[in-house]
Amino acid sequence: MLFMPGSLLPDAIVPGWTEVAPGVFQRRYEPEDVSVGVIVGSTGITLVDTRNNPAEAEEIIRDVRDAFALPIVTVVNTHAHYDHTFGNQVFAEHGIPIYGHHLIPRHFAHHEGPRLREVQEQPECGPDRDWGEVRLTPPTVPVEAPLRIDPGGRTIELLPISAGHTDTDLAALVPDARAWFLGDVIEESGPPMFGSGSYPLDWPDALEGLLDRIRSGDVLVPGHGSVVDRDFVERQADRLRSVAEWIRDAFAAGRSLDDVRPERSLEEYWSESFLRSALEDGYAQLSSARNLPDDGA
Ligand SMILES: [Zn+2]
């Protein structure tokens, strides 16, 4: 069946899509178990994130067309990572505005771009990546400060998040439904991922900043996994704070990267390779902070 905006059918089922709040839907796609969001307005749909490549983006468009009686009028990227942005070009070709954090082009230049080039030039470097047709497409509407938009007649607040999972994280809040799309600053189906431009030392504070705005009872859609609540974010912030403390303590003790071992309590949640990525990113950050010229003092 087609979901009609304003439909009062209490148990309306939209095949393949989970209605997480009134007129707000999530679909979880493989590979990566990545969340794609649909926010239904009176005259159009806002789509959250675009998956790994143009073919996967075309699949989203077909799935939206099969389920909803409205056109996609706006796209939002929750952050720069490939599994959330590499379908962008399809929407740009249709002239649909793509909102995203203003630092995504810089992240692309440092991380996504070189990786894409490597895989396109030598496919054996990423045999599980189907990136042959991808053209790196940053958001067409860069978001630098909190922004309220009304695509398709429904209000959405876009809130840049301070550095954490990346320095391009952007929350999308549907205020009338108290539903949030948070990208990968929160993950449910696995632990939050470090590396590829992460800020493990700042991530806990980024979540604290978000928690100031999230109310109990709000619906939170993570970048990967099923919907969570405010308590989940608090627990994930606590775990991330333990990681940040472990990195700071090791650095303060003057231990070299090779000498640092993960704490057992962290290994219960993260694999050693994830923790090593966090450690490397954290050490790089602390070393560069130490090398900064002191500001005239
Ligand atoms: Zn990510």
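Colleague: What makes Arg213 count as partly exposed?

Modeller: Its relative accessibility is 41%. Buried means under 20%, exposed means over 50%, and partly exposed lies in between. So Arg213, at 41%, is partly exposed. Keep in mind that this is a predicted model.

Colleague: Why do you say that Arg213 forms a salt bridge with Glu157?

Modeller: The closest N and O atoms of the two are 3.3 Å apart. The cut-off is 4 Å, so the pair counts. Glu157 sits in strand 9 (residues 156–160), and Arg213 in the loop between helix 5 (203–211) and strand 12 (219–221). The two are 56 residues apart, so the pair links distant parts of the chain.

Colleague: Is Glu157 buried or exposed?

Modeller: Glu157 is buried. Its relative accessibility is 11%, and the limit for buried is under 20%.

Colleague: How do you know that Asp63 and Arg27 form a salt bridge?

Modeller: Again by distance. Their closest N and O atoms are 3.6 Å apart, and the rule asks for within 4 Å. Asp63 is in helix 1 (residues 54–67), while Arg27 is in strand 2 (residues 24–29). They are 36 residues apart in the chain. Asp63 has 14% relative accessibility and Arg27 has 18%. Each value is under 20%, so Asp63 and Arg27 are buried.

Colleague: What separates Glu234 and Arg230 in helix 6?

Modeller: About one helical turn, because they are 4 residues apart in helix 6 (residues 230–252). Glu234 is partly exposed, at 34%.

Colleague: How many salt bridges are there by this rule?

Modeller: The count comes to 14. Arg51, Glu56 and Glu59 are linked in a network of them.

Colleague: Which atoms coordinate the zinc ion?

Modeller: His79 (NE2), His81 (ND1), His165 (NE2) and Asp184 (OD), at 2.2 to 2.3 Å. Donors must lie within 2.8 Å of this metal, so these distances qualify.

Colleague: Why is the site of the zinc ion called irregular?

Modeller: Look at the angles among its 4 donor atoms: they run from 84 to 170°. Tetrahedral needs all angles between 85 and 135 degrees.

Colleague: What does the pair of His81 and His165 tie together?

Modeller: Parts that are 84 residues apart in sequence. His81 lies in the loop between strand 5 (72–76) and helix 2 (82–85), and His165 in the loop between strand 9 and strand 10 (170–174). His81 is buried at 4%, and His165 is buried at 0%.

How values were computed
Residues are numbered from 1 along each chain as its sequence is written. This is a predicted model: local features need pLDDT of at least 70, side-chain atom pairs count only at pLDDT 80 or more; totals for chains, interfaces and linings use all residues. Side-chain values use heavy atoms; hydrogens and water are left out. A salt bridge is a side-chain nitrogen of Lys or Arg within 4 Å of a carboxyl oxygen of Asp or Glu. Buried means under 20% relative accessible area, exposed over 50%, partly exposed in between (1.4 Å probe, protein chains only). Donors are N, O and S atoms within 2.8 Å of the metal (3.2 Å for Na, K and Ca); water is not among the atoms, so sites may look incomplete. Four donors count as tetrahedral if all angles lie between 85 and 135 degrees; four count as square planar and six as octahedral if opposite donors are over 155 degrees apart and all others between 65 and 115; anything else is irregular.
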